[in-house]
Amino acid sequence: MVKKEITSPAKLKKELEEAKAELVSRNKKLKLSVKTEAKKKVDKKKAEAKKKAVAKKKAEAKKKVDKKKAVAKKKAEAKKKVDKKKAEAKKKVDKKKAEAKKKEEAKKKAEEAKKKEEEAKKKEEEAKRTYEEELEEQLTEDEIKNFAIDKTDMDKLVNRVTEMIASYATNGILQNILWRKLKLSSRDGSRLALKLEKLGNITREKILENGRWTYLLLIKKIPISTISIENAPCLVCPVEGKCSTDGEISPKTCVYIEDWVLTELKTKKRHETN
Ligand code: SF4
């Protein structure tokens with residue numbers, strides 16, 4: 001500090017005023033400096049606070065994003081698991097389908113093989129000649145027509161068999177079943193069937209039954225036989241001459257005829273049952 005020499009009161013006054021002005025100026029500067037420092041501190045604090053707030057926001061935003069990413073990842077993993085399960089289930093279904101298809105094909109092949117085998121067997125059977133066909137070749141027409149079984153009334157047998165076959169109408173009857181009913185051997189039965197056919201009473205239809213050839217016997221013509229009327233009461237009736245459908249004596253009111261018809265019916269039914 002420089003010491004100044006005061007020479008007069010006016011100078012002193014001036015000096016004092018200058019000192020005072022300087023002091024005021026310094027004070028002002030000091031105040032301004034303090035204010036600036038304080039402002040700087042406030043600004044710094046504000047800037048730091050802002051920085052912190054921004055950082056916090058960023059951190060929170062990042063946290064949210066990370067959380068979202070984690071949720072999305074979790075969802076993706078869950079979806080992956082579901083897809084995997086679905087794929088496995090589909091694989092199983094496909095496997096089952098493939099197995100079923102394989103089985104179906106195997107079944108189809110087996111069925112085709114069986115069918116072929118059956119067809120081959122059928123052809124083989126068709127190629128075989130029947131006993132009746134051989135008989136037809138070996139025997140003459142007369143031999144067939146005159147066929148007779150020992151101690152048997154052939155006319156009666158022919159009529160009986162024809163009537164039996166007629167009772168089956170258009171369905172016919174298999175010859176082996178008929179021979180069994182009549183207790184005839186298949187040798188005699190086959191000859192009898194040929195005889196009936198030659199007589200024009202029946203027709204024979206060659207059919208494959210249970211893998212074997214046989215004949216279905218069908219009625220062609222029912223023979224008129226006197227056997228059916230041999231016990232008729234009219235043959236020995238004393239009033240036969242007076243009997244007519246519109247007269248006093250008539251078959252409509254005749255008890256003999258009624259009894260005879262009932263008896264015949266019973267006999268016929270008994271034969272059919274046997
Ligand atoms: S229907 Fe009777 S009454 Fe007439 S002829 Fe025959 S048995 Fe005799």
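A residue is counted as buried if 20 or more other C-beta atoms lie within 10 Å of its own, and as exposed if 12 or fewer do. By this criterion, Val-161, Thr-162 and Ile-165 of helix H4 are buried. These three residues cover an arc of only 100° around the axis, which places them on the same side of H4. Asp-155 and Lys-156, on the other side of H4, are exposed. The structure described here is a predicted model. The mean pLDDT of the protein chain is 88, and 93% of its residues reach 70 or more. Among the elements of the chain, E1 has the highest mean pLDDT (94), whereas helix H7 (residues 255-273) has the lowest (82).

Helix H4 comprises 14 residues, 154-167. The packing partners of the buried residues of H4 include both helices and strands: helix H5 (175-182), helix H6 (186-198), strand E1 (173-174), strand E2 (202-209) and strand E3 (212-219).

The three strands form an open sheet in the order E1-E3-E2, with antiparallel pairing. E1 and E2 stand at the edges with a single partner strand each, so one side of each has no neighbour in the sheet. E1 is joined to E3 by two bridges, and the two strands run antiparallel. In this pairing, Leu-174 stands opposite Leu-216 of E3. Between E2 and E3 there are eight bridges, also in the antiparallel sense. Leu-208 has Trp-213 in E3 as its bridge partner. E2 and E3 form a hairpin with two residues between them. Asn-210, in the turn of this hairpin, has a positive phi of about 50°.

Most residues other than glycine have a negative phi. Lys-151, which is not a glycine, has a positive phi near 55°. Lys-151 lies in the loop between helix H3 (141-145) and H4. With 5 other C-beta atoms within 10 Å, Lys-151 is exposed, because a residue with 12 or fewer is classed in this way. After H4 comes Ala-169, in the loop between H4 and E1. The phi of Ala-169 is about 45°, a positive value although the residue is not a glycine. Ala-169 is likewise exposed, with 9 other C-beta atoms within 10 Å.

Helix H3 contains Ile-144. Ile-144 has 20 other C-beta atoms within 10 Å and is therefore buried, since the cut-off is 20 or more. Leaving aside residues up to four places away in sequence, Ile-144 touches Leu-139, Leu-194, Lys-195 and Lys-198. The C-alpha atoms of Ile-144 and Leu-196 are separated by 9.1 Å, although the two residues are 52 residues apart along the chain.

Terms used:
Residues are numbered from 1 along each chain as its sequence is written. This is a predicted model: local features need pLDDT of at least 70, side-chain atom pairs count only at pLDDT 80 or more; totals for chains, interfaces and linings use all residues. Helices (H or I, at least four residues) and strands (E, at least two) are DSSP runs, numbered from the N terminus. The expected span of a helix is 1.5 Å times one less than its number of residues. The arc is that of the directions from the helix axis to the C-beta atoms. Two residues are in contact if their C-beta atoms, placed from the backbone, lie within 7 Å. pLDDT is the predictor's confidence in each residue, from 0 to 100. Two strands pair if DSSP finds at least two bridges between them.
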